[in-house]
Amino acid sequence: MTYDILPHLDKCVPSSVSPDKLSMYTIALEGWRRGLPLKFYITKYGSRLEINYSFEYEGKEYKFAVSKGEDVTKEAMRIAKNKFLTKEYLSKKNVSVPEGNKFDKSVEDETILDYADKLGYPVVLKPSNANLGQGVIPKIQNRNELYESLQQVRHIQGFYDVIVEKHVEGEEVRIYVLDGKVIAAMKRIPAYIIGDGKHTIRQLIRIKNSERRKNPNYKGRNIKIDKELRKNVEKEGYTLETILEEGKKLYLRKNSNISSGGESIDVTDELTKEMKKLAIDATKAIPGLVQSGVDVIINKNNNTGAVIEVNTRPGIGGHLYPSKGKARDIPKAIIDYYFPNTKRREKSTFFYFDYSSIKEALNSGLAEEIIV
C-alpha cells in the first residue's frame, strides 16, 4: 500500500498522534508554524474530557475542536448531530436526499419492517445520532436481513432511534467544503484484500493490517475479524483458511468507514460542477455552517447525487493521507480562512512539536492548559 504525502508533513507528525488526533495536530501545526500563539486545553462534555486548542490572533482567541473553527455555530452543530433533522433542512432547500423515515425507541421492530417492505429494498439502516459510522448497515436486501440488522443495531449496540432509507446506488464520496468552496473530495472503499495464490484470507488480512500501520490515518484502525466479516467471507464462498486466488479482490465489509478497515481515495479532480454545487448547497442549507464534510452518494452514469450526511467536525486524515491520489492541504485552507493576514508569512516546514507530552500533562491533570 502506497500513499501520497504533503512534503511539509513528511516525518513531521509524531507517532504519538493517533488517527483521531490528526486533524487537530496538523491544523495546530500549520498555525503554529506561521507564528500564531497556540494553546491546548481541556474541555468538558458532560462526563467526557476532550483536548481542544486555540490560536491568538489580532488580540482575540479563536477556539477549535478537531477540524471545526468557531465560525461553525452551536445551532449548526445541533442540526447536523441529528441525521433526520439534517435531512429535513436539506429537503427544505431542495437538496437531494434519499427517501426514508425516522423511528424512535417507542416504535416496534415489526412496524419498521413493514415500512421497509413498502419503501422497497435495498435499504440502509443507521442510528439517528451516532458518529464514525457506528451502527450503519448499507444495502440490506430483504426483510430477514433487516430483522437481523435491527437486532444488532437496536438491541445489541443500543441505538434505539434509527433511520431507514432507500439505498442509493453509486459511490460514497466525502466532500470538504469551506467558505462556499470545495477544497477536497475523497471516496471511501470498504476493507478489502487481494489474493496472491499463496496466503490464506486470514494471513492476507494480517499482512494488510501491517501495511495499514504505516499510514498515519490507518494505524490502530485494523481490519478486525468479527462476525460481520466472517459472514461476508462465507457469502463469497470462502472461509478464513481459504488460499485466495492470485489477483482476486475480496471485499470484507459493506461499510466503507475508515475505522472499520476502509480506505480513502482522492477524487477531487473528478468532481463535476453539479456535484460540487450539491455539496456547497448542502452546507449552506444548515444555518451557521461555514465548513463541513458532506457525504454524498454519486451516480456517475447520470451525474446525480444524494446527500446522506453533513459533518461539522469531519476528520481530514483521509484527505491528508489517501491510499491513492493526491493529498490535499486542508490545514492550509482552514488557517488561510480564519487568519487571512498570515497567508504570506514565512513558515518553517521542518519544525514540529511533541504532542505526547502535551497530552500526558493535560490528561493527568498536571495542567489545565499548555501554550506551545
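What follows is a short chat about why some parts of this predicted model get the labels they do.

Me: Before we start, what should I keep in mind?
Reply: It's a predicted model, so local features need pLDDT of at least 70 and side-chain atom pairs count only at pLDDT 80 or more, while totals for chains, interfaces and linings use all residues. Residues are numbered from 1 along each chain as its sequence is written, and side-chain values use heavy atoms, with hydrogens and water left out.

Me: Why does Ser 356 count as buried?
Reply: Buried means under 20% relative accessible area, with exposed over 50% and partly exposed in between (1.4 Å probe, protein chains only). Ser 356 has 19% relative accessibility, so it counts as buried. You'll find Ser 356 in helix H11, residues 355-364 (helices are DSSP runs of H or I with at least four residues, strands are runs of E with at least two, numbered from the N terminus).

Me: What makes the side chains of Ser 356 and Asp 354 a polar contact?
Reply: A polar contact is a pair of N or O atoms within 3.5 Å; within protein, one must be able to donate a hydrogen and the other to accept it, and residues adjacent in sequence count only if both atoms are side-chain atoms. Here the side chains make their polar contact at 2.8 Å.

Me: How do you know that Thr 312 is buried?
Reply: Its relative accessibility is 11%, so Thr 312 counts as buried. Thr 312 is in the loop between strand S15 (304-311) and helix H9 (317-320). Not counting residues up to four places away in sequence, Thr 312 touches residues including Lys 68, Val 72 and Leu 289 (contact means heavy atoms within 4.5 Å).

Me: Why is helix H10 called largely enclosed?
Reply: Seven of the nine residues of H10 (residues 330-338) are buried, so the helix is largely enclosed by the rest of the structure. Among the buried ones are Ile 330, Ala 333 and Tyr 338.

Me: Why are H2 and H3 called roughly perpendicular?
Reply: Angles of 65 to 115 degrees count as roughly perpendicular, under 35 as roughly parallel, over 145 as roughly antiparallel and the rest as oblique. The axes of H2 (residues 74-81) and H3 (residues 83-92) cross at roughly 110 degrees, so the two helices are roughly perpendicular to each other. Those axes are lines fitted to C-alpha atoms, for helices over the stretch in contact, and angles run from 0 to 180 degrees between N-to-C directions. Their axes come within 5 Å, and among the meeting residues are Glu 75 and Arg 78 in H2 and Leu 85 and Tyr 89 in H3.
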